[in-house]
Amino acid sequence: MMEACKKLRSSGIRIKDVFTPFPVHGLDHVIGLPRTRIAICAFIYGISGTCLATLMMWYMMVNDWPNDIGGKPNWTYYMAVPAFIPITFEATVFCAAHGMALTYLLRCWLVPGAKAKNPDPRSTDDKFLVYLELNDEQAKKAESILRENGVEEVNHKGTLHIEPAY
Amino acid sequence: MHAESEIREPLILGSKNYRQITDDIIAPIEGKASKGWYILLTFASLTFLWGIGSLAYTIGVGIGAWGSNNGVDWAWDITNFVWWIGIGHAGTLISAVLLLFRQKWRMAINRSAEAMTIFAVMCAAIFVTLHTGRPWLDYMLFPLPNQFGSLWPNFNSPLLWDVFAVSTYFTVSLVFWYIGLIPDFAMIRDRVIKPMQKKMYGLLSFGWGGSARHWSRFEEVSLVLAGLSTPLVFSVHSIVSFDFATSIVPGWHTTIFPPYFVSGAVFSGFAMVLTLMLVVRKVYKLEAYLTVKHVEYMNIVIIVTGSIVGVAYLTELFIAWYSGVEWEQYAFLNRATGPMAWSYWAMMTCNVLSPQLFWFKKIRTSILATFILSIVVNIGMWFERFVIIVTTLCRTYIPSTWNSYTPSFIDIGIFVGTIGMFGTFFLLFSRYFPVIAQAELKTILKMSGEAQKKASAAHNHSHVTTH
């Protein structure tokens, strides 16, 4: 399938999407997907968590009602900062993980009740599906490339929809 | 596609293809449950009911229903809390740390190990919730505005760190687990025929389609979540150990506690994963995926962490003597020779001696021996927490507060009840959820499948002869 995708691309055919039962390494590069920026989001969420936790503890422990608990005063933030590190860390992880997970689910529109996104149910089992949107002329070219590369099945749907399986 | 050396043992036995993996994973969901499953479920849910009864009684009359007393004010509640949360650690270790190290053998076990984590943390949460005495006031643990003149929880206290650590750990593990489950639920949705099942798994699968763009995000999310969970899992048990280490009780006030607790947690967690896995592979006939090699790898982790635990015990003893602090010396003398010495020696035998048997390859690769030893290790790790908590609190600074401890019927009920709850949840999980992360497993089939490896080896040899 990788070969077929490479050839389709080099003959100027844009691959709309590929549906696979498992992550295929290097496929995103072959079909020309940009690298996901979701990790950058996670970093930003994480930093926000750090800031939020610091702000919260400063407000509660130092600003609002400072206490001297067991000989450990909280008159300024730096006095007690070692004790604040575990929660700062936990809040960072909490915000980064949940922020990223939510972004991922919403960005891919993976929500309860969403319609199955794969055009053919066999693509979650053992079939690999290349999804193309083409005009008639391109479609012929694409089909011949796919046939050469051992496609099992080509389906045309409305516009056109080609499906090789290995 | 990376090639893999022929010498490495295959991780998927027999000649499987993608379709067969699908069939094998979906078999327990599509088929009828076995008689054994119903018997186990009945047994587990009855014990769970006993637990619920004991729980309700405790809430009704207060924690006076427990064996805890003035001297031994932390007893089975905290012992069980630490035990359960420690068990949970192996799930995260397998799914996160082994992902970062690109260990392919994790793929067959991570799903059920993570499920184990989640259920174990739920069990742990029951004990801390009750331990507060008035569980209906537990919202006061969280930094909420309140009617006490805006008195906030004490952020200098390790007990509060625990609240944050455990809740972060639980929710992050849950999300990590679920994100991994989505593609597998989609596989089930596309396979099942019964309309009700199709609808349920359709809902659970969140509309997953396996598009290349989504897979690339999926992989990035898994990697980053693994990167976040790794320090998280170490932080959780470190913070649990701070509950003890930051106190001034002799035997607790030691700097060795965080690494000692973390390795103990991984040790007991792997033992629990083995106990469950050996049952699952038998009941659901997954011997081709959960191979003896997997068992051996996990037993090696048990030797390593078990030895770390052993070294930690000896270090503790040495430092107690070397410190010259009499309180500290007495605390350890009391553990080893005092009225509860039996529990100390049970711990030593189960945790230090028994895992060393795994140095023998015969034992390490024997299913029966592993099953027995995995249970022995879990008993040992329970005794470790019992020794640290109860034995220590029986003999603290002032002899007039010296005391003894016996658990009440209710104590036993809650503990056994949580095991029942854990069993019930795990049985339901293994029946209705994909017990193996099949999408991930399919990625290693070409490299680590037995038939595929043989084929590629034959192919390579033919090259050698022709050239």
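Among contacts in chain B between residues at least 6 apart in sequence, what percentage join residues at least 24 apart? The figure is 83%. Two residues count as in contact if their C-beta atoms, placed from the backbone, lie within 7 Å.

This is a predicted model, in which local features need pLDDT of at least 70, side-chain atom pairs count only at pLDDT 80 or more, and totals for chains, interfaces and linings use all residues. Residues are numbered from 1 along each chain as its sequence is written, while chains are lettered from A and ligands numbered from 1 in the order in which they are written.

Start with chain B. Its secondary structure comes to 16 helices and zero strands. Helices (H or I, at least four residues) and strands (E, at least two) are DSSP runs, numbered from the N terminus. The C-alpha atoms of chain B fill a box of roughly 85 × 50 × 45 Å along the principal axes. Of the 467 residues in chain B, 51% are buried. A residue is buried if 20 or more other C-beta atoms lie within 10 Å of its own, exposed if 12 or fewer, and partly exposed in between; the C-beta atoms are placed from the backbone.

Helix 2 (residues 35-61) has 27 residues and reaches 39 Å from its first C-alpha to its last, close to the 39 Å expected at 1.5 Å a residue. The expected span is 1.5 Å times one less than the number of residues. The buried residues of helix 2 of chain B are Ala44(B), Thr47(B), Phe48(B), Gly51(B), Ser54(B), Leu55(B) and Thr58(B). An α-helix has 3.6 residues a turn, so residues three or four places apart point the same way. The buried residues of helix 2 of chain B pack against helix 4 (106-131) and helix 14 (409-432) of chain B. Just after helix 2 of chain B, Gly62(B) has a positive phi of about 95°.

Helix 5 (residues 158-191) of chain B has 34 residues and should span 50 Å; its end C-alpha atoms are 49 Å apart, which agrees. Helix 5 of chain B has a kink of about 35° at Ile182(B), shortly before the proline Pro183(B). The bend at a residue is the angle between axes fitted to the seven residues ending there and the seven starting there. Helix 5 of chain B is largely enclosed by the rest of the structure, because 27 of its 34 residues are buried.

Chain A has another make-up. It has five helices and four strands, in the order α-β-α-α-β-β-α-β-α along the sequence. Its radius of gyration is 26 Å, well over the 15 Å that the globule rule gives for 166 residues, so chain A is more spread out than a compact globule. The C-alpha atoms of chain A fill a box of roughly 80 × 35 × 25 Å along the principal axes. Buried residues make up 37% of the 166 residues in chain A. The domain assignment gives domain 1 (2-33 + 116-148) and domain 2 (38-107) of chain A; the bounds come from an automatic or database assignment. The C-alpha centres of these two domains lie 45 Å apart.

Thr50(A) lies in helix 3 of chain A. Thr50(A) is partly exposed, with 16 other C-beta atoms within 10 Å. Not counting residues up to four places away in sequence, Thr50(A) touches Thr88(A), Ala91(A) and Thr92(A). The C-alpha atoms of Thr50(A) and Ile15(A) are separated by 41 Å.

How do the chains meet? The contact takes 55 residues from chain A and 53 residues from chain B. Strand 1 (15-19), helix 2 (27-30), helix 3 (38-64) and helix 4 (81-107) of chain A each supply at least two residues of the side that touches chain B. The largest share, 15 residues, comes from helix 4 of chain A. This side of chain A divides into 39 nonpolar, seven polar and nine charged residues. Ala, Val, Leu, Ile, Met, Phe, Trp, Tyr, Cys and Pro count as nonpolar, Asp, Glu, Lys and Arg as charged, and the others, Gly among them, as polar.

Notes. The radius of gyration is taken over C-alpha atoms; the globule rule is 2.2 Å times the number of residues to the power 0.38.
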